[in-house]
Amino acid sequence: MKHLLHSFKLVAGMMTTKSAYTGPLWVQIGISNACNHRCIMCWDHPTYVSENNPYPSATSRRYYQMHPEIDHTKGFMDLGKLEELIVDLYSIGTRRIELVGRGEPMMHPQFDQIVETIKRRGFNLGIATNASLLNPDRCEHLVDHDLDRIVASIDAGSRDTYYRVHTRTNIESFDRILSNLRVLHQIKKSKGKKEPQVMLSFVISRLNYHEAFEMIDLGKDVGADQIVFKYMVPYENIKFLELTEEEKRNFSGQLPAFMKKAESYGIDLKIEPPIGDTTTNPKLYHKKTETVYSRIPCYIGWYFSLITAEGSIIPCCQCMEKMGDFREQRFRDIWYSKRYSNFRMSMKRFPEHYDRPTNCACDKCALDKINATIYNTLHFFNPIQLFEGQREFSVFQLLPAIFKGKTTKGAKVVNRKSGSSL
Ligand code: SF4
Ligand code: SF4
């Protein structure tokens with residue numbers, strides 16, 4: 001019932017005005033900027049950077065130049081401020097939090113207390129982690145406090161590859177992480193609990209694509225509920241690790257076999273295509289950039305918000321526009337502020353006037369599918385057709401994803417018969 005009321009207010013805002021009548025459906029909170037790993041594919045703590053250019057891409061350079069306050073060594077969110085934020089979020093109807101930030105959340109000195117505080121308030125809570133700071137006590141604590149999800153970045157099917165992807169680890173790290181994930185599974189089993197659901201995340205690059213079957217075996221070994229394969233985003237510093245077209249074809253050719261294997265273990269396997277899915281159509285990316293937001297608005301300003309460890313409020317992961325700072329103002333005042341409303345308005349006007357804020361990478365937007373699903377749900381009488389081959393969620397996949405953080409299982413290629421085409 002509370003979800004329905006929240007959705008109703010949300011839709012009212014999206015359809016009628018530039019204002020929000022309720023809080024975001026979910027938020028990402030970065031409680032830590034620091035990380036104990038250096039991963040080849042990381043935007044924030046990359047392995048390969050030159051001395052004169054410490055950023056992996058032009059977008060990250062822009063991000064960090066706009067946020068000089070970010071400190072990668074000791075940037076942890078203040079616990080008192082976090083508690084205030086949790087109260088605010090709850091009071092405006094938000095019920096889902098993801099602890100995802102620019103670093104490893106378990107490095108926060110009060111991590112266990114943070115989980116306790118958020119869960120005590122009744123939020124649905126997920127964390128994205130490299131799992132290196134799990135240990136049997138912490139596993140027990142997470143199970144006892146009903147954490148809902150753990151997304152563990154593993155990125156390798158073998159110890160040697162792990163060491164090459166997650167650099168600055170040691171040779172035992174891989175075994176230790178797997179052993180702790182096994183412990184977590186055992187604790188859940190012994191207490192008769194299904195949560196936290198465990199998702200293993202594998203970013204696919206030239207270093208590990210040949211180990212996909214082993215990665216699925218690892219999922220079985222540690223009792224994972226889901227596995228996600230994501231193609232690595234080839235930032236400027238790691239272009240040489242991107243799969244060649246032939247390797248992509250080989251990998252894609254094996255997808256049915258990967259699916260079959262995962263299914264035989266009872267694991268839900270999700271494969272996220274590369275941005276623009278260049279395997280199927282090299283021109284797709286450009287086509288997307290030019291066309292999607294000339295037909296639909298971006299609704300992010302109603303359903304999501306991102307809060308950095310320092311307290312900056314940002315509308316989405318690819319938009320550096322700062323809406324406010326919770327050290328100076330309460331979150332709810334920032335969320336309902338004129339500035340946020342103006343942002344919503346400019347995103348809503350996209351179809352008439354594509355004028356993205358200078359500091360938003362809307363031309364590389366990864367949330368177009370969510371925005372298109374919302375648009376088609378709100379305009380069910382005249383839905384748009386995404387370009388050929390584009391994957392689209394159904395609203396029945398999207399809602400559990402939004403409220404419960406579940407993956408959009410089985411997003412499929414849509415071939416609408418009616419509706420106008422992009
Ligand atoms: S564990 Fe995550 S945050 Fe840390 S370096 Fe690797 S990708 Fe980056
Ligand atoms: S990057 Fe995408 S989700 Fe973010 S503001 Fe731009 S269009 Fe919206």
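How many bridges pair strand 7 and strand 8, and in which sense, parallel or antiparallel? Strand 7 and strand 8 (residues 226-231) pair over 6 bridges in the parallel sense. The legends below begin with the whole model and then turn to single views.

**Overview. The protein chain of this predicted model has 16 helices and 16 strands.** This is a predicted model, in which local features need pLDDT of at least 70 and side-chain atom pairs count only at pLDDT 80 or more, while totals for chains, interfaces and linings use all residues. Residues are numbered from 1 along each chain as its sequence is written, and chains are lettered from A and ligands numbered from 1 in the order in which they are written. Helices (H or I, at least four residues) and strands (E, at least two) are DSSP runs, numbered from the N terminus. Of the 422 residues of the protein chain, 40% count as buried. A residue is buried if 20 or more other C-beta atoms lie within 10 Å of its own, exposed if 12 or fewer, and partly exposed in between, with C-beta atoms placed from the backbone. Two residues are in contact if their C-beta atoms, placed from the backbone, lie within 7 Å. Among contacts between residues at least 6 apart in sequence, 74% join residues at least 24 apart.

View 1. Two strands pair if DSSP finds at least two bridges between them. Strand 1 (residues 26-29) and strand 3 (residues 96-99) run parallel and are joined by 3 bridges. Glutamine 28 stands opposite glutamate 98 in strand 3.

**View 2. Strand 7 is largely enclosed by the rest of the structure, because 8 of its 8 residues are buried.** Gln197, Met199, Ser201 and Val203 point one way from strand 7, and Val198, Leu200, Phe202 and Ile204 point the other way. Strand 5 (residues 149-153) runs parallel to strand 7 and is joined to it by 5 bridges. Valine 151 stands opposite methionine 199 in strand 7. Towards strand 8, valine 203 stands opposite lysine 230. Strand 7, helix 8 (residues 212-222) and strand 8 make a right-handed β-α-β unit. A crossover is right-handed if, with the strands pointing away from the viewer, the path from the first strand over the helix to the second runs clockwise.

**View 3. The largest nonpolar core has 101 residues.** A nonpolar core is a set of buried Ala, Val, Leu, Ile, Met, Phe, Trp, Tyr and Cys residues joined through C-beta atoms within 7 Å. Among the residues with the most contacts inside this core are Val27, Ile31 and Phe202. Strand 7 (residues 197-204) gives the most to this core, with 6 residues. Leaving aside its neighbours within four places in sequence, isoleucine 31 is in contact with residues including Phe76, Leu99, Ile114 and Ala309.

**View 4. Phenylalanine 304 lies in strand 10 (residues 304-307).** Phenylalanine 304 counts as buried because it has 20 C-beta neighbours inside 10 Å. Phenylalanine 304 and valine 27 are 277 residues apart in sequence, yet 5.5 Å apart in space, C-alpha to C-alpha. Beyond neighbours within four places in sequence, the contacts of phenylalanine 304 are Pro24, Leu25, Trp26, Val27 and Cys316.

**View 5. The peptide bond from glutamate 195 to proline 196 is cis, with omega near 0°.** Proline 196 is found in the loop between helix 7 (173-190) and strand 7. Alanine 131 has a positive phi of about 65° although it is not a glycine. With 24 C-beta neighbours inside 10 Å, alanine 131 counts as buried.
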